[in-house]
Amino acid sequence: MTLRELAQDLGLSPTTVSRALNGYPEVAEDTRWRVMEAARRLNYRPNTRAKSLATGRAQAIGHVIPVSAKHQIVNPVFADFIAGAGESYARAGYDMVLTVVADDDEAQAYRDLVGRGTVDGMIVHGPRQHDPRIPLLRELDIPFLVHGRSSGITAPYSWLDINNRRGFTRATDALLDMGHRRIALINGLEDMDFAIRRREGYLDALQARAVRADPALMVAAEMTETNGYRAACRMLEMDNPPSAFLVSSILLAIGVRHALWDAGMHLGRDVSVITHDDDLSYLKNGDAVPLFTATRSSVREAGRLAADMLLDLVADPASGPVTRLLEVDLIVGRSTGPCPASTRKSA
């Protein structure tokens, strides 16, 4: 269906329909609603090439992924974010440009995309504590938004993040309330800003209860099932093993669960586990009752919100920088319970 055909179906001029679809403020709200509803019902998709010629924009948003992080392409967290962002792009008539490059070529990839006018904006994934991509994109003068934050960058920039520090403080507090004192942290790689914030939240909770943090119970690794399994096996063999695990992804938590199974231990009875990122479309946390107690925040919704925020910046670059901090929910599942008496006495 073309724009002209959509306008004929509505009994409106093509100009009015185009302005309604593109958010012009002079279009009456009831007219805009009629146009949007008809476009959805008739499965209308704007001609992005024609729109690009009319607006002088590429009608595309870029995502650059380094090869060393290629596991992110199949990671359910990354896939959910991209799916959510894609919904917002499609609704606004934008395409997504996904570029996978070697680590050493990442900066040049950003320069090439901007220099060729291939994209109107960029979303930055997996920010590090001192992330060089942020000053680079500021220098390139293109709208961009960071999914996460970079605590080492003091200059203002646009970001969307969850409150990782508070979420992990709450999770650690929940385990402490159950009597656990030997609480292990299996975290993401700690050159990543989110992992640093999660470790700080964990340490905040321990310090507030005068519980000594044991470095032997803190592991930072790529968030895979295998790494969760290996870390848990090693800790469970200690003379004074943990009675609880706090882990940074459901993939790590699945690995911990397998380690407990192999050790003949019961999840939630012998050892408790709290995980993060359980609200995933392709990796559900149980059925009616969650398997894992978890700090929950929808990654797909974060993708939608981040895309919407960036598209607003593209439409009005002077409106930035914009920031949004999302809180997480603590969902109680079957993976947590009181610290066993024998373990409490040992601790």
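Two strands pair if DSSP finds at least two bridges between them. I kept that in mind while reading this predicted model.

Entry 1, strands. I looked up β8 (residues 244–247) and β9 (residues 272–276), which run parallel and are joined by 3 bridges. I noted that Phe245 has Val273 as its bridge partner in β9. I then traced the open sheet of 6 strands and wrote down its order, β7-β6-β8-β9-β10-β12, with mixed pairing. Its edge strands are β7 (218–220) and β12 (329–331), each of which pairs on one side only. From one strand to the next I have an average twist of 15°.

I found helix α10 (residues 193–208) lying across β6 (183–187), β7, β8 and β9. Relative to β6, α10 runs at about 170°.

I checked α6 (residues 76–92) against α13 (residues 299–315): their axes come within 7 Å and cross at roughly 40°. I therefore list α6 as oblique to α13. The crossing of α6 past α13 is right-handed. Among the residues making the contact I noted Val77, Phe81 and Tyr89 of α6, and Val299, Ala306 and Leu311 of α13. By class, I have 11 nonpolar, 3 polar and 6 charged residues in the contact of α6 with α13.

I looked up Ser150, in the loop between β4 (144–147) and β5 (159–162). Is Ser150 buried or exposed? Its relative accessibility is 2%, so I count Ser150 as buried, the cut-off being under 20%. Leaving out residues up to four places away in sequence, Ser150 touches Arg128, Gln129, His130, Asp131, Ile134, Tyr157 and Asp193.

Terms used
Residues are numbered from 1 along each chain as its sequence is written. This is a predicted model: local features need pLDDT of at least 70, side-chain atom pairs count only at pLDDT 80 or more; totals for chains, interfaces and linings use all residues. Side-chain values use heavy atoms; hydrogens and water are left out. Axes are lines fitted to C-alpha atoms, for helices over the stretch in contact, and angles run from 0 to 180 degrees between N-to-C directions. Helices (H or I, at least four residues) and strands (E, at least two) are DSSP runs, numbered from the N terminus. Angles under 35 degrees count as roughly parallel, over 145 as roughly antiparallel, 65 to 115 as roughly perpendicular and the rest as oblique. A crossing is left-handed if the near helix is turned anticlockwise from the far one by less than a right angle, and right-handed if clockwise. Contact means heavy atoms within 4.5 Å. Ala, Val, Leu, Ile, Met, Phe, Trp, Tyr, Cys and Pro count as nonpolar, Asp, Glu, Lys and Arg as charged, and the others, Gly among them, as polar. Buried means under 20% relative accessible area, exposed over 50%, partly exposed in between (1.4 Å probe, protein chains only).
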